[in-house]
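Open the model in your viewer and keep the selection tool at hand. Each stop below says what to select next.

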Amino acid sequence: MTELKNDTFLRALQRQPVEYTPVWMMRQAGRYLPEYRATRGKAGDFMSLCMNPELACEVTLQPLERYPLDAAILFSDILTIPDAMGLGLYFETGEGPRFKKTVRTQADVDALPVVDGEKHLTYVCDAVRTIRRELNGRIPLIGFSGSPWTLATYMVEGGGSKDHARSKALAYDQPELMHGLLDKLARSVTAYLNDQIRAGAQAVQIFDTWGGALSHNGYQEFSLRYMKQIVDGLIKESEGRPVPVILFTKNGGQWLEKMADTGATALGLDWTTDIGAARKRVGDRVALQGNMDPSMLKTSPKRIREEVAAILESYGSGEGHIFNLGHGITPEVDPENAGAFINAVKELSAKYHR
């Protein structure tokens with residue numbers, strides 16, 4: 001494999017010395033970019049874009065042509081695994097993802113296969129290989145998956161939900177059934193991420209978007225337990241380097257110490273947790289990624305710069321910080337403001353690494 005020209009992101013994840021705080025954005029390839037909208041139009045629809053390795057590569061690389069980002073992230077969707085399990089993913093205009101089938105009974109769980117990435121999601125692994133080839137060592141590539149709990153909520157609800165009431169009721173009332181589903185998903189996610197690593201992903205992130213909707217005990221039983229199972233089962237080294245694992249639980253700031261206990265390399269923070277306070281809590285056990293409120297990108301470049309400065313100051317000097325948003329960039333953001341954000345991180349962070 002080609003030698004990396006910029007490994008700042010990977011070094012920061014390992015809490016090694018860097019010259020500045022590396023930066024990337026969740027959903028950095030997406031609808032806020034006109035070039036992305038043009039490529040999606042060419043593909044016809046969102047899933048056709050995801051399932052075309054060449055076009056998925058094209059949109060993965062688009063933000064890199066605009067901004068000096070320190071990592072690329074595979075363009076795909078967290079719901080590829082439930083789709084590969086036969087639930088029939090489709091997208092309703094204005095309503096988001098939906099499934100033709102739901103999982104609500106033991107028979108439903110028993111009917112689900114454990115997903116093999118190369119066999120059932122070949123198009124994702126092909127996209128990883130294509131992106132790595134086109135990156136040509138420019139910056140590292142991040143692979144990803146949804147967490148078992150997050151995937152389960154969509155599978156039980158049949159799509160997105162504001163309160164996940166059916167999923168939570170099933171977990172609390174029929175825990176054995178839910179554990180059976182989550183274990184099957186954890187094994188699938190482990191195999192899927194390992195196949196992404198074999199195909200060329202140099203770091204992976206687990207998106208636990210809905211873990212924060214659970215109770216304190218429920219989070220540890222139904223979400224964190226299965227993310228730890230995945231971390232334990234992942235390939236630890238590839239191409240002569242460690243493969244870092246980032247855990248991101250939205251609204252999970254109260255569980256940072258427990259998350260660090262999983263053996264993950266880094267924890268993603270949303271904007272509701274002060275990053276300096278988080279650093280004091282987890283010490284040098286993990287790197288921290290985050291955590292500007294994406295809504296800040298709808299303000300002015302001056303205000304964005306002030307917020308970047310405040311987050312950098314809160315984290316303080318030393319290693320182990322990867323700058324990111326506290327969640328994904330939203331479609332309404334002006335690409336110029338995203339550029340102002342990235343440039344501010346590059347300009348203001350160097351003094352914290354002397």
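This is a predicted model: local features need pLDDT of at least 70, side-chain atom pairs count only at pLDDT 80 or more; totals for chains, interfaces and linings use all residues.

Residues are numbered from 1 along each chain as its sequence is written, and side-chain values use heavy atoms, with hydrogens and water left out.

Select residues 89-92, strand E2, and residues 96-99, strand E3. Helices (H or I, at least four residues) and strands (E, at least two) are DSSP runs, numbered from the N terminus. E2 and E3 pair in the antiparallel sense, over four bridges; pairing takes at least two DSSP bridges. Find Phe 91: opposite stands Pro 97 in E3. Three residues separate the strands of this hairpin, and Gly 94 in the turn has a positive phi of about 80 degrees.

**Thr 60.** Go to helix H4, residues 53-66, and pick Thr 60. Thr 60 is buried, at 1% relative accessible area. Buried means under 20% (1.4 Å probe, protein chains only). Beyond four places in sequence, its contacts (heavy atoms within 4.5 Å) include Ala 29, Phe 75 and Ile 131.

**Helix H8.** Ile 131 is one of the buried residues in H8. Select residues 122-135 to see all 14 residues of H8. Just after H8, Asn 136 takes a positive phi of about 55 degrees.

**Core.** Now show Phe 9, Met 178, Leu 181, Leu 267, Met 292 and Phe 341, which have the most contacts inside the largest nonpolar core, of 126 residues. Such a core joins buried Ala, Val, Leu, Ile, Met, Phe, Trp, Tyr and Cys residues through side-chain atoms within 4.5 Å. Helix H11, residues 175-199, gives the most to this core, with 11 residues. End on Phe 341, whose contacts include Met 292 and Val 23.

Methods:
Buried means under 20% relative accessible area, exposed over 50%, partly exposed in between (1.4 Å probe, protein chains only). The expected span of a helix is 1.5 Å times one less than its number of residues.
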